[in-house]
Amino acid sequence: MKKLNVILLATVATLLASCSPTSSSSSSSSSTSTIQPTSSSVISSSSSISSNSSSSSSSKPSSSSSTSSATSSSSTTSSSGTDVISITSIEIGNYPDKTEYNIGEELDITGLTILVNYSDGSQKEVPVTLDMVIAPSMNKEGQTDVIIKYEEKYQAYYTINIKSTIEKEKPTITFTLDDGTTFTNGTTLLTNDLKTIIVSVNAVVDYEIFYTKDDGETNLGSKAPTEPGLYAINVTTLENAYYSSTTAFVWYYIKAPSVKKEAEISFSIENGTKFTQGEPYNIEVTVSSGADYEVYYTKDDGEIDLGATAPTEPGLYAVNVRIIENDEFVAPLDNKKTWRWFEIVAKTEKQDAEISFSVASGTHFTYGEDYQIEVAVSNGADYEVYYTKDDGETNLGQNKPTAPGTYAINVAVKENATFKAKNVFVWYVIDSPSELQEAVIEISIENGTIFTYGTPYEITVKVSDGADYEVYYTKDDGETNLGTTAPTEPGVYAINVLVKENNIYKSSSAFRWYRINENEAQSLKKVLPQ
C-alpha cells in the first residue's frame with residue numbers, strides 16, 4: 001500500500017501544479033520537488049513516468065521512449081504499472097530507386113527506407129544508410145538479397161537482379177538424318193524406312209526436343225512420330241551465362257510407301273555445263289514413258305521462273321522437270337534428280353595464243369648430245385607438242401629424235417573459249433658424227449646355250465639406236481643360211497647380227513651359237529628297233 005500511495009501522491013501533486021497560477025512560469029522539476037515523495041528509491045524506479053510529467057496534454061509516450069532497448073520485442077510494464085513501448089519488427093518502407101544491376105556495378109540505396117513497428121501498433125519510417133546495409137557480391141549474375149540491420153537485432157531484406165553485360169550468342173542448330181544427308185523442310189520419310197533425325201547444337205547449352213503435328217497445333221512431346229502425316233521436329237535451347245535461348249524447327253512428311261513408281265529423268269548435260277552467248281545449244285530431257293511432265297527454266301537459284309523458253313543471255317540457269325503425278329508415276333523423292341544447272345557465258349573475241357621456242361629454226365645439234373628445246377604457250381591454251389621428219393611427212397609423235405637428220409618440233413593449239421586454233425613449228429638438224437662409230441650389239445644368250453626340242457625359246461637382240469642392221473640364222477658353222485626364221489629341229493645353230501654402214505656406224509657383225517637337243521622320247525625312238 002505504501003508504493004501505491006506514493007504513486008497517487010505524485011499524480012495529485014502533478015495535477016495541482018498544473019492548476020497553480022504560477023505553473024506556467026515554474027519548471028516541471030520545481031513543481032515535482034514540492035511534492036517529493038518520502039521514499040526516493042520508489043521514484044527512481046519509475047523514471048519513465050517522471051520523464052513524461054513535463055507534459056500533461058498527451059498520454060502517448062514521447063519519441064525518446066520509442067528507442068527503448070531491443071532486448072525484448074514484447075511490451076513490458078514498469079514498476080509504476082505503465083506499459084513500456086518497444087520495437088516488435090522492421091519491414092521495407094520504400095524500395096530503392098534501383099533494383100536492376102549489371103555485373104560490377106556498385107549498390108545504390110537511394111530512396112530506401114524501413115518501417116519500424118512498435119508494440120503499441122505505431123510505426124516510424126527510417127531512411128536507410130549504407131552502415132545499416134549488408135551488401136551482397138555484385139560480381140555474380142542472378143538474383144540476390146540486400147539485408148538491412150536495425151539496432152543490431154532487427155533485419156529486413158529486398159531482392160536485386162544482377163545481369164551479365166556480355167552479349168550472348170545464339171547457338172546454331174542443325175538437323176541431319178542418320179545416313180548423313182541434310183534434313184530440310186519438306187523432306188519426305190517413308191513408314192517402311194524411317195530415318196533417325198539427328199540434332200546438333202554448336203554450344204554447351206541445355207535444350208529440349210519435341211515434335212508437333214498439323215502446323216504446330218498438336219504437341220506430341222519428345223517421342224518421334226511414325227504414322228503418316230505432316231510433322232515438325234522442334235528444338236528449344238535454354239539461356240545460360242554465355243548463350244541466349246533460341247528455337248529451330250524442320251517440317252517434314254511421313255508417307256506410306258506408294259505403289260506408284262518414281263519417274264526417271266535424264267539430261268543430256270551435267271551440272272556446270274557452259275554455253276557461249278550467241279551459239280545455239282540444245283539440252284535433251286528424257287522422262288519415263290507414261291509420265292506426265294513439263295520442262296521449264298529458272299534463273300538465280302530458282303527464284304525467277306522463265307517458263308518453257310530456253311534463255312540466251314549470259315547468266316546462271318537451270319533446266320527443270322516438273323512431274324505431274326498420275327496413276328503410274330510420282331516425282332522423285334530426291335529433287336536434285338529433277339534439274340541441272342548451266343551457265344551462258346558472254347561471247348568474247350578469241351585470241352591468238354603466244355608460242356615461243358628456246359631455239360630458232362635452223363639450229364644444229366651434235367649427234368649424241370642430250371639436247372633440249374623448251375616450249376612456252378599462253379596460259380589457258382590447250383595444246384600438244386610433237387616431232388616430225390622429212391618436211392612434216394613423218395610424224396614421230398612425242399618421242400624426241402636422236403639420229404642424224406632434219407626434224408621439226410611442232411606446237412598445235414586447239415580452239416577453246418579464249419584462243420583460236422594455231423600451229424607453229426621450228427626446224428632443226430642433228431648432225432652426223434665426224435667419225436663413224438662402232439655399233440653396240442647385245443645378244444641375250446651365251447655361246448653354247450642348250451635348248452630342248454619342243455620347248456619354245458627366245459633370243460633377244462639389241463643394237464645401238466640409229467644403226468641399220470639385220471638378224472638371221474645359220475647352220476653347220478654358217479654354211480647354211482636359214483634366213484630370219486628361228487630353227488626348231490635338233491641341231492647346232494647360230495644367230496647372227498649384221499650392222500650395215502651408215503652416216504653414224506661402221507659395218508660390223510656378231511653371232512652366238514647354240515644347240516637344240518633331242519628330248520627323251522626322240523632318243524628312245526632311235527634306240528628301239530623299228
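Q: What stands opposite Tyr387 in β30?
A: That's Gly397. Keep in mind that this is a predicted model.

Q: Okay, and how do strands β29 and β30 pair?
A: They pair in the antiparallel sense, over three bridges. β29 covers residues 382-389 and β30 covers residues 394-397.

Q: Switching topic: which strands form the open sheet, and in what order?
A: There are five, in the order β19-β25-β23-β21-β22, and the pairing is mixed.

Q: Which ones are the edge strands?
A: β19 (273-276) and β22 (304-307), as each of them pairs on one side only.

Q: And what's the twist from one strand to the next?
A: In that sheet it averages 35 degrees.

Q: How many bridges join β23 to β25?
A: Six, and the two strands run antiparallel. β23 spans residues 315-324, while β25 spans residues 339-345. Within that pair, Gly315 stands opposite Ile344 in β25.

Q: Zooming out, how many helices and strands are in the protein?
A: Five helices and 39 strands.

Q: What share of the residues counts as buried?
A: 29% of the 530 residues.

Q: Last one: of the contacts with a separation of 6 or more, what share comes from residues 24 or more positions apart?
A: Those residues account for 57% of such contacts.

Technical notes:
Residues are numbered from 1 along each chain as its sequence is written. This is a predicted model: local features need pLDDT of at least 70, side-chain atom pairs count only at pLDDT 80 or more; totals for chains, interfaces and linings use all residues. Side-chain values use heavy atoms; hydrogens and water are left out. Two strands pair if DSSP finds at least two bridges between them. Helices (H or I, at least four residues) and strands (E, at least two) are DSSP runs, numbered from the N terminus. Buried means under 20% relative accessible area, exposed over 50%, partly exposed in between (1.4 Å probe, protein chains only). Contact means heavy atoms within 4.5 Å. Axes are lines fitted to C-alpha atoms, for helices over the stretch in contact, and angles run from 0 to 180 degrees between N-to-C directions.
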